[in-house]
Amino acid sequence: MNIVVCVKQVPDTWAERKLKQGDATLDRESVDGLINELDEYAIEEALQIKEAHEGEVTVLTMGPQKASESIRKALSMGADKAVHLIDDALAGSDVLQTSYALAKVLENIGFDLIVLGAESTDARMGSMAAMLAERLSVPQLSLASKVEINGTAIKVNRQSEDGYWQVEAQLPAVISVVEKINEPRYPSFKGIMAAKKKPMQVMSCADAGIDTSLVGLANAATEVVDFTERPPRQAGTIVKDEGDGGNKAAEFLVTQKFI
Amino acid sequence: MAEVLVLAEHSGGDVKKVTGELLTLARQFGEPAAVWVGDGAEEGQPRLAEYGAGTVYVAVGADFTDYVTGPEADVLAALVQEKAPAAVLMASTGQNKEVAGRLAVKTNSGMLCDAVGLTATGGKIVAEQSVFGGATIVHSAVRTGTPIITVRPNSVAAEAAPAAAGLQNVDVTVSEAAKGARVTEKIVQETGERPELAEAAIVVSGGRGVGSADGFEIIEKLADSLGAAVGASRAVTDAGWYPHKFQVGQTGTTVSPQLYMAIGISGAIQHRAGMQTSKTIVAVNKDPEAPIFELADFGVVGDLFQVVPQLMEDIRKRSGS
Ligand SMILES: Cc1cc2nc3c(=O)[nH]c(=O)nc-3n(C[C@H](O)[C@H](O)[C@H](O)COP(=O)(O)OP(=O)(O)OC[C@H]3O[C@@H](n4cnc5c(N)ncnc54)[C@H](O)[C@@H]3O)c2cc1C
Ligand SMILES: Nc1ncnc2c1ncn2[C@@H]1O[C@H](COP(=O)(O)O)[C@@H](O)[C@H]1O
């Protein structure tokens with residue numbers, strides 16, 4: 001089975017994340033990047049599927065040079081090879097454009113199963129799996145907390161607002177995973193060494209057949225009008241319970257008219 | 001005046017509160033019209049009329065409800081084509097963000113997610129978003145196609161503005177591509193009588209600090225004394241002390257209530273991602289260093305099993321029951 005995992009490099013959520021003054025794009029230079037944490041669950045799921053059904057796991061990322069760090073991590077966890085879509089024309093692309101670009105590469109490299117994280121910690125759009133399914137005309141089995149594959153039949157439990165749904169489809173398909181699904185492995189020393197020798201294909205827009213007039217900040221379907229740093233939250237009142245902590249909390253709720 | 005399409009949120013004919021909020025927001029930009037996918041439109045009609053839907057477009061039948069997000073997108077895309085609405089608004093749920101994504105691809109339109117406010121500025125619909133865990137406020141707009149925007153519940157107070165809400169069936173054939181992933185069963189976990197998590201004005205959440213499934217009962221009691229919804233951290237849902245549907249956070253529900261109470265929750269970044277835009281935050285935790293206190297408007301450093309019963313006693317006295 002040809003499994004492709006889409007992995008995104010994101011700024012560390014613990015670092016101070018900022019937009020750039022000039023073009024309001026994400027400042028990726030000033031903070032450490034790392035792999036979007038739900039994508040580690042996606043890689044783990046892909047590896048488990050490969051281990052159970054044989055096949056090959058390819059990591060796909062679109063992003064600047066730095067994003068190759070995330071590729072390394074995925075390869076050291078056990079993925080077999082990687083494709084890095086990198087092109088200055090892609091800078092500042094929004095989700096509509098990113099889905100177009102990724103779909104083009106996926107059409108190029110072929111797939112039986114595409115595995116994504118349910119959402120990224122920076123953009124938090126949570127819609128990439130749906131958009132790829134729409135673009136590639138394949139079934140969407142997203143927000144999965146459990147995946148079962150039997151031949152070409154695939155079944156997932158889809159997390160819903162009020163419980164979960166059981167969903168069935170035929171491969172090829174795209175899935176996205178939530179963190180309940182597994183426990184991502186740590187790269188072993190051997191894995192880290194092996195990753196250095198694994199094939200990494202670098203693709204440009206031209207290589208993937210991506211029309212550059214449809215991607216990048218200047219052509220984006222959405223724009224940032226303005227942005228401001230939120231004024232630091234007014235430091236709250238923190239009291240130590242001296243036997244009256246509950247009373248004090250009640251008083252606060254009264255002043256705020258909640259009781 | 002162009003219409004503004006609002007995807008109605010409903011279950012069993014009950015219209016969710018957020019739909020009234022979206023219809024209220026929609027009025028700024030055009031004539032609100034609701035889109036109802038699934039059964040129960042007749043039961044929901046009075047509520048939609050109360051909040052100003054001129055028309056209710058109805059798509060009913062198994063074809064629309066037995067597949068994952070494709071049919072909803074097909075229905076909305078057909079309406080976008082036919083009615084050229086000023087915008088399409090939906091509540092920000094995991095499911096709707098996906099419907100929005102498919103619709104954006106189908107109509108080659110820009111989409112914005114998780115808006116906490118919408119205004120008409122310079123002829124554009126401008127969405128306010130709170131990003132990077134609330135550290136930055138962004139105003140953004142759609143440049144291409146029909147603005148497709150998902151809005152968090154509680155972003156605005158719903159205001160009544162009676163309209164006709166005439167039901168109109170939409171004639172859409174669901175595409176084969178949309179029927180790729182078939183839903184064989186929908187498993188609903190009990191909510192009981194409490195308000196729904198995403199929509200509640202007050203949310204009381206418990207964390208690992210409650211110590212056990214039985215310990216979690218104190219959270220339910222506090223919630224009930226305030227008429228609140230119950231939430232939980234991942235530590236609690238992972239341990240099986242409470243069902244997953246109550247998880248607040250990055251991979252659970254995002255809430256934005258008037259009051260959020262975090263009881264025995266440390267305030268990990270993934271938890272904060274789901275509650276940071278709450279208007280008022282109260283925390284109880286025995287560890288003075290717990291990161292949740294950085295966010296709290298009011299915090300008590302203490303044992304929740306001491307603090308919460310005392311708090312409930314005071315609430316009981318005040319409400320005179
Ligand atoms: C990919 C990913 C996604 C995640 N998604 C989510 C998510 O959606 N939601 C979420 O919540 N988490 C999520 N997490 C997990 C998150 O990182 C934390 O592990 C989790 O939020 C911790 O839950 P907690 O605060 O209840 O537990 P802990 O961090 O263990 O905190 C328990 C707190 O209770 C306090 N306490 C203990 N006893 C008492 C007492 N008697 N009285 C008062 N206080 C007491 C302790 O001081 C402590 O601060 C995710 C993690 C990952 C990796
Ligand atoms: N630039 C990218 N390159 C590769 N995969 C991506 C990219 N952006 C998003 N994804 C995938 O889409 C998922 C959801 O991201 P998002 O829609 O941004 O919340 C991520 O977890 C990734 O699996």
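**View 1. Ligand 1 sits in a site shared between chains, because residues from chains A and B surround it.** This is a predicted model: local features need pLDDT of at least 70, side-chain atom pairs count only at pLDDT 80 or more, and totals for chains, interfaces and linings use all residues. Residues are numbered from 1 along each chain as its sequence is written, chains are lettered from A and ligands numbered from 1 in the order in which they are written, and side-chain values use heavy atoms, with hydrogens and water left out. The shell holds 28 residues; a residue belongs if one of its heavy atoms lies within 4 Å of the ligand. The closest are B:Arg208, B:Ser233, B:Ser266, B:Gln270 and B:Asn285. Chain A supplies at least two shell residues from helix H1 (37-53). Helices (H or I, at least four residues) and strands (E, at least two) are DSSP runs, numbered from the N terminus.

**View 2. Polar contacts of ligand 1 include B:Gln247, B:Lys286 and B:Asp303.** A polar contact is a pair of N or O atoms within 3.5 Å; within protein, one must be able to donate a hydrogen and the other to accept it, and residues adjacent in sequence count only if both atoms are side-chain atoms. A ligand oxygen lies 2.9 Å from a side-chain N or O atom of B:Gln247. A ligand nitrogen is 3.1 Å from a polar backbone atom of B:Lys286. A nitrogen of ligand 1 is also 3.0 Å from a side-chain N or O atom of B:Asp303. Of the 990 Å² of accessible area that ligand 1 has on its own, the protein covers 83%. Accessible areas come from the Shrake-Rupley method with a 1.4 Å probe; for residues, only the protein chains shown count as cover. By class, the shell has seven nonpolar, 14 polar and seven charged residues. Ala, Val, Leu, Ile, Met, Phe, Trp, Tyr, Cys and Pro count as nonpolar, Asp, Glu, Lys and Arg as charged, and the others, Gly among them, as polar.

**View 3. Ligand 2 has 20 residues around it.** A:Cys6, A:Asp39, A:Met62, A:Ser120 and A:Gly126 come nearest. A nitrogen of ligand 2 lies 3.5 Å from a backbone N or O atom of A:Val7. Strand S4 (56-62), helix H3 (95-109) and strand S6 (113-117) of chain A each give two or more shell residues. S4(A) gives the largest share, three residues. The shell counts nine nonpolar, seven polar and four charged residues.

**View 4. A:Phe252 and B:Phe298 form a stacked pair, because their ring planes meet at 15° with the centres 4.8 Å apart.** Rings of Phe, Tyr and Trp (its six-membered ring) pair if their centres lie within 6.5 Å; planes under 30 degrees apart count as stacked, over 60 as edge-to-face and the rest as tilted. A:Phe252 lies in helix H7 (residues 245-255) of chain A and B:Phe298 in strand S17 (residues 298-301) of chain B, so the pair joins two chains. A:Phe252 is buried at 12% relative accessibility, and B:Phe298 is buried at 6%. Buried means under 20% relative accessible area, exposed over 50%, partly exposed in between (1.4 Å probe, protein chains only).
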